[in-house]
Amino acid sequence: RIQADPTRRGGGNRDDRRRGIPPGARGVSPYPLLHGLRGRGPPPPSEAFESASVHTRRPRGLLERSIRGHGTAQERQHASARVLPGCQDTGTAIVMGKRGHRVLTDGDDDSYLSGGAYDAYTELNLRYSQVAPLDMFAEKNTGCNLPAQVDVYGTKGNEYNLLFIAKGGGSANKTFLYQQTKALLNPGSLETFLEENIKTIGTSACPPYHLAIVVGGLSAELTLKTVKLASTKYLDDLPTTGDETGRAFRDTAWEDYILKMTRNLGIGAQFGGKYFCHDVRVVRLPRHGASCPVGIGVSCSADRQVKGKITKEGVFLEKLEEDVGKYLPEVSDEDLSDDVVKIDMNGMSMDELRAKLSEYPVRTRLSLTGTIVVARDIAHAKLLEKIESGEGLPQYAKDHIIYYAGPAKTPDGYASGSFGPTTAGRMDAYVDAFMRAGGSFVTLAKGNRSRAVTKACKDHGGFYLGSIGGPAAILAKNCITNVEVLDNEEDGMEAVWKIDVVDFPAFIVVDDKGDDFFKEWLG
């Protein structure tokens with residue numbers, strides 16, 4: 001039975017009412033599902049699950065554990081220490097529940113699960129990424145990462161099964177729906193279609209990916225829902241053959257074929273190579289005869305989801321690996337190239353910095369030291385308003401590299417919270433206008449960019465520097481020495497920040513001559 005703690009019923013506090021959490025919901029017993037394995041209970045009943053105390057109410061774990069452990073080998077090791085999340089984008093909280101018909105609740109399940117998400121995000125060093133619309137155009141950060149997406153379904157049985165996902169914006173944005181026809185359903189057409197469209201995913205969502213492809217579906221929304229679940233391995237137990245009833249099935253032969261295809265694309269894990277994907281899931285669904293929806297989506301290189309269940313025996317959590325280091329290769333200084341250009345930006349003007357960068361071709365590894373200005377989506381919209389109003393760009397946008405990012409909360413004793421790059425492509429529309437206004441000549445982020453950015457860099461003498469997707473914890477721990485708000489403090493993590501960095505890693509991806517590192521593979 002899932003029941004709110006009656007001792008905490010009543011009017012509730014004002015903050016809870018403002019965030020839509022009903023009175024008493026934050027004392028609910030399912031909270032151990034968000035606690036993870038910090039307070040261990042009895043030994044695991046199986047290899048897949050282990051018990052958690054039903055009386056524990058610290059809502060850590062399922063969201064927290066699915067958030068941490070993202071990125072490079074060293075990054076995963078840092079994240080497993082549970083201080084800095086591996087990726088600064090700690091995602092939207094998504095919960096899917098399947099409640100058995102013999103499980104009794106008071107009907108407020110979604111509120112209780114949202115309350116657990118609220119506590120996880122407000123108590124841990126995570127980031128508030130959700131923005132609420134005040135009208136059609138004005139928005140404000142909610143300050144707690146709510147609302148969460150909670151979907152609860154009815155099913156047979158006496159168990160309550162849950163799937164928790166922390167879905168970052170970068171990978172969520174690489175979810176696509178294509179309305180096709182019966183003409184696609186032959187090996188040659190499907191192969192051509194998939195190769196062309198998989199390339200368009202690019203590198204901005206932090207490969208290697210868990211790639212999910214769904215062919216068919218009774219509706220567009222069913223197709224995309226199946227993409228999401230397939231990318232989390234939730235549907236791995238589907239049959240591997242179809243039948244006349246229209247059941248869904250996994251096509252493992254096409255999974256193997258597409259994985260090999262992605263290894264020949266050359267895109268690799270962000271900067272070339274063969275490891276564009278960790279794995280592939282292909283699901284075939286029934287369809288209406290007049291339509292053939294196809295869904296393609298990814299999870300980033302981290303597995304940011306975890307299962308939980310409530311049974312009459314107790315509350316159980318999926319058993320996850322804690323010692324990730326034992327799976328990682330040993331990397332010594334001898335394995336790394338010394339061919340790195342160190343640039344000390346202290347005392348260097350923007351013209352001097354651009355002249356220095358112009359000496360080197362794309363692919364050049366850089367190590368940056370000095371001051372960088374951080375601005376992302378909302379900040380760019382506000383800067384464009386300044387240009388259009390005749391005010392022009394502020395001096396900070398003209399004097400410094402502009403880093404597209406938004407930090408997680410800063411832990412005690414650290415100079416910075418996790419602070420990795422966000423997807424560059426979302427700011428592509430601003431680049432030419434900002435350069436014409438005398439600023440944003442050097443930008444820093446992750447992923448490939450559009451031809452318009454390459455043209456703007458060539459026309460105005462600009463550069464795009466790429467950072468590796470997924471190094472947020474390492475950057476906070478090793479490279480960022482100071483963080484302070486520079487402008488737009490009211491926008492939370494989307495404020496304009498000034499950061500001081502030492503040996504910040506980057507690559508020249510687009511240069512002032514119109515060369516683009518990714519053109520070989522992405523055109």
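Modeller: Let's begin with a word: on a 1 Å grid over the protein atoms alone, a cavity is a set of points where a 1.4 Å probe fits but cannot get out. Points are joined across faces, edges and corners, and a volume is the space filled by probe spheres set on them. A search of the whole structure finds four cavities of 30 Å³ or more. Bear in mind that this is a predicted model: local features need pLDDT of at least 70, side-chain atom pairs count only at pLDDT 80 or more, and totals for chains, interfaces and linings use all residues. Residues are numbered from 1 along each chain as its sequence is written, and side-chain values use heavy atoms, leaving out hydrogens and water.

Biologist: Why are H12 and H13 called roughly parallel?

Modeller: Helix H12 (residues 428-436) and helix H13 (residues 451-460) pack at about 10°, with axes 9 Å apart. Angles under 35 degrees count as roughly parallel, so H12 is roughly parallel to H13. The axes are lines fitted to C-alpha atoms, for helices over the stretch in contact, and angles run from 0 to 180 degrees between N-to-C directions.

Biologist: Which residues meet there?

Modeller: Asp428, Val431, Asp432, Met435 and Arg436 in H12 meet Val453, Ala456, Cys457 and His460 in H13. Contact means heavy atoms within 4.5 Å.

Biologist: What makes E7 and E9 edge strands?

Modeller: The open sheet of five strands runs E7-E11-E8-E10-E9, with mixed pairing. Two strands pair if DSSP finds at least two bridges between them. Strand E7 (176-180) and strand E9 (249-250) each have a single partner strand, so one side of each has no neighbour in the sheet.

Biologist: How do you know that E8 and E11 pair?

Modeller: Six bridges join strand E8 (residues 209-217) to strand E11 (residues 292-299), and the two run antiparallel. The bridge partner of His210 in E11 is Ser299.

Biologist: Which peptide bond is cis, with omega near 5°?

Modeller: That is the bond from Leu146 to Pro147. Pro147 lies in the loop between strand E4 (139-141) and strand E5 (149-155). Another cis peptide bond, with omega about 10°, joins Pro207 and Pro208. Most peptide bonds are trans.

Conventions: Helix = DSSP H or I, 4+ residues; strand = E, 2+ residues; numbered from the N terminus. Parallel < 35°, antiparallel > 145°, perpendicular 65-115°, else oblique. 1 Å grid on protein atoms, 1.4 Å probe; cavity = no way out; pocket = protein on both sides within 12 Å on 5 of 7 lines; lining within 4 Å.
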